[in-house]
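Here is a short briefing for a first look. Keep the sequence and the model side by side as you read.

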Amino acid sequence: MTCDHSRYEGGIERNVTRLVFERGDSAAALLHDPGRDIVLLTEQFRMPTYEKGPGWLLEVAAGTVEPSETPDACIIRELREEIGYEVDAVELIARFYVSPGGTSERIFLYYASVSANMLKDHAASGVASQQEDVKRVEIPTREFLDMAARHQIEDAKTLIAALWLHLRISE
């Protein structure tokens, strides 16, 4: 990608060229069941982490926003596909760039309070035609927050969600 941009001290920097991976926008959500005092996460194999880390990651549910979708509609769809929960509404936690030095991907991170009766598809595990193999994981809230504090969560959006939940519970 090539562009011109303003400089702090004034003037214009012309013809700046950078490699940019255009990934599109994504949406993610932290599901929290306050009645059972648990959070619902996903566990799945993530190819880009395989050589440097675990391959398998514990994460908040997430997916790519399709061209005809809003981010909140995307995550409501993804929650149904990946972990079987029917959620009507989500609350925006944050909107952020994943790695702005190399990709334009932006994540819309949401929160949804759920209860056990909102689990509609016990067998949900992602979209088979996309080779998704997603496991729904229920973790006590305190254990989830402790895992984040002990560096056992390696996914950035999940760490942001843990920090947000910790601050919300502490209020």
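Which residues does T103 touch, not counting residues up to four places away in sequence? T103 touches F21 and R23. This is a predicted model.

- T103 sits in the loop between β7 (91-97) and β8 (106-113).
- T103 counts as buried because its relative accessibility is 13%, and buried means under 20%.
- A polar atom of the T103 side chain lies 3.2 Å from the backbone nitrogen of E105.

**Nonpolar cores**
- In soluble globular proteins, nonpolar side chains tend to be buried together.
- The largest nonpolar core here has 23 residues. Those that touch the most other members are L30, L41, I139, F144 and L165.
- A second core of 18 residues is separate. Its members include A29, I38, I83 and L119.
- I139 has contacts with D37, I38, V39, L41, L58, F144 and M147, leaving aside neighbours within four places in sequence. Among them, L41 and F144 are listed with I139 as residues of the largest core, while I38 belongs to the second core.

**Salt bridges**
- Side chains of opposite charge can pair when their charged atoms come close.
- The model has 16 salt bridges.
- R77 pairs with E69, with the closest N and O atoms 2.7 Å apart. Both E69 and R77 are buried.
- R77 also meets E81 in a salt bridge, at 3.2 Å from N to O.
- E81 and R77 both lie in helix α1 (residues 71-83). They are four residues apart, about one turn of the helix.
- R77 is buried because its relative accessible area is 16%. E81 has 25%, so E81 is partly exposed.
- R7 and E13 form another salt bridge, at 2.7 Å from N to O. R7 counts as partly exposed, at 37% relative accessibility. E13 is partly exposed too, with a relative accessible area of 29%.
- A network of salt bridges links R46, E59, D155 and K157.

**Nonpolar surface patch**
- Y50 lies in the loop between β4 (38-45) and β5 (56-59).
- Is Y50 buried or exposed? Y50 counts as exposed because its relative accessibility is 52%, and the exposed class begins over 50%.

**Positive phi angles**
- N15 is not a glycine, yet its phi is positive, at about 55 degrees. N15 is found in strand β2 (residues 12-17).
- N15 counts as exposed, at 58% relative accessibility.
- H151 also has a positive phi, near 65 degrees, and is a residue other than glycine. H151 is found in the loop between α2 and α3.
- With 69% relative accessibility, H151 counts as exposed.

How values were computed:
Residues numbered from 1 in each chain as written. Predicted model: local features only at pLDDT ≥ 70, side-chain atom pairs only at ≥ 80, totals over all residues. Heavy atoms only, no water. Helix = DSSP H or I, 4+ residues; strand = E, 2+ residues; numbered from the N terminus. Buried < 20%, exposed > 50% of the residue type's maximum accessible area, 1.4 Å probe, protein only. Polar contact = N/O pair within 3.5 Å; in protein donor to acceptor, adjacent residues only side chain to side chain. Contact = heavy atoms within 4.5 Å. Core = buried A, V, L, I, M, F, W, Y, C linked by side-chain atoms within 4.5 Å. Salt bridge = Lys/Arg side-chain N within 4 Å of Asp/Glu carboxyl O.
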